[in-house]
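Let us work through this model in questions and answers. Keep the sequence and the 3D view at hand.

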Amino acid sequence: MLAIRRSIVLTLSDAGEPMRLSSTSLFLLLAPLFACQNGVKVSTGDTAGLDLDSAGDTGSGGDDTADSDWHEYDGATLVILSPASGDFLPWSEDATFAAEIHAADGTVMDFDAISWSSDVDAAWGVTGSNVVDNMLDVGTHALTATANLPNGDRLAYTIGGVLVQSPYSGIYTGTLVIDASYDTYALGCSGATTLTVDAYGETVTGDAGCLLSLGGYDIDTAYIFDYANDAGVLSGSSSIDLGFYQYDIDTEGTLDTDGNLEAEFTTDIAGFGIAGTLTATRVTRDLEGM
């Protein structure tokens, strides 16, 4: 190791006038000479850090990682296998979230550090190339898988329109049939109905209208439905809306995950016997468009 003193006197002219140089100035004059020696690392900063290694260290030791170590990831791509865009995932049920890293030649790479996120459910997130999870909340999601590769590349892949909600949820349309009787008279009517099962599959609400004719008089009746769903068993009330008063009738029914709804109720109002039958089928799972 060459030790550079604080100052050295050199004769720089024929006149012999001496010039006192600091160690920094001397280094700048002699640097080109040392640079020709094998294993010299030249620091352009503080000369106190000057390292002139006579053993031949070129500075490529264990502190630095060669770029070639991660070239296998160059040109890699990320793809989501499951779910697919537009898929329906039943809320609170297990679903598979799978993705792969493909090398530039198309082969699948062994890489599991893939992070998942949703644009709707900010609290949700899982990690892995193949994960089973049931915690994604209801909504229509854009799901993004992200991978930070060892070579410094960051890959991301997004799918959209992934609908998560109860398998009972949706918009149902059907028919309400009313059979009424009074004394010796019997009459009936039917009317269209529309019902909504909420995203969590817990409530069923809707309405219907029905025009009864009795002795030349038309009686326009309206009905309001409000049921609770407990794993396909419906209970609640079907209310006859008289404009100034609602008459609630206890109602029971069934609802299945294939989208079929049935409910029945009976009552007696001022001598009128009324029996109602409600049937409906799901026409769409899309609640956001309503």
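Q: Which residue stands opposite Leu-155 in strand 12?
A: This is a predicted model, where local features need pLDDT of at least 70, side-chain atom pairs count only at pLDDT 80 or more, and totals for chains, interfaces and linings use all residues. Residues are numbered from 1 along each chain as its sequence is written, and side-chain values use heavy atoms, with hydrogens and water left out. Strands are DSSP runs of E, at least two residues, numbered from the N terminus. Opposite Leu-155 in strand 12 stands Ala-147.

Q: How many bridges pair strand 11 and strand 12?
A: Two strands count as paired if DSSP finds at least two bridges between them. Strand 11 covers residues 139-148 and pairs with strand 12 in the antiparallel sense. The number of bridges is 9.

Q: Which residue in the turn of the hairpin has a positive phi?
A: Strand 11 and strand 12 form the hairpin, with 5 residues between them. The phi in question is about 95°. The residue is Gly-152.

Q: Which strands stand at the edges of the sheet?
A: The open sheet has 4 strands in the order 6-12-11-9, with mixed pairing. Each edge strand has a single partner strand, so one side of each is left without a neighbour in the sheet. They are strand 6 (88-90) and strand 9 (114-118).

Q: Which residue stands opposite Leu-163 in strand 12?
A: Strand 6 and strand 12 (residues 154-165) run parallel, joined by 3 bridges. Leu-89 faces Val-164 in strand 12. Opposite Leu-163 stands Phe-88.

Q: Which residue does a cis peptide bond join to Ser-82?
A: Omega of this bond is about 0°.

Q: What is phi of Ser-92 near?
A: Ser-92 sits in the loop between strand 6 and strand 7 (95-102). Its phi is positive, in a residue other than glycine. The value is near 70°.
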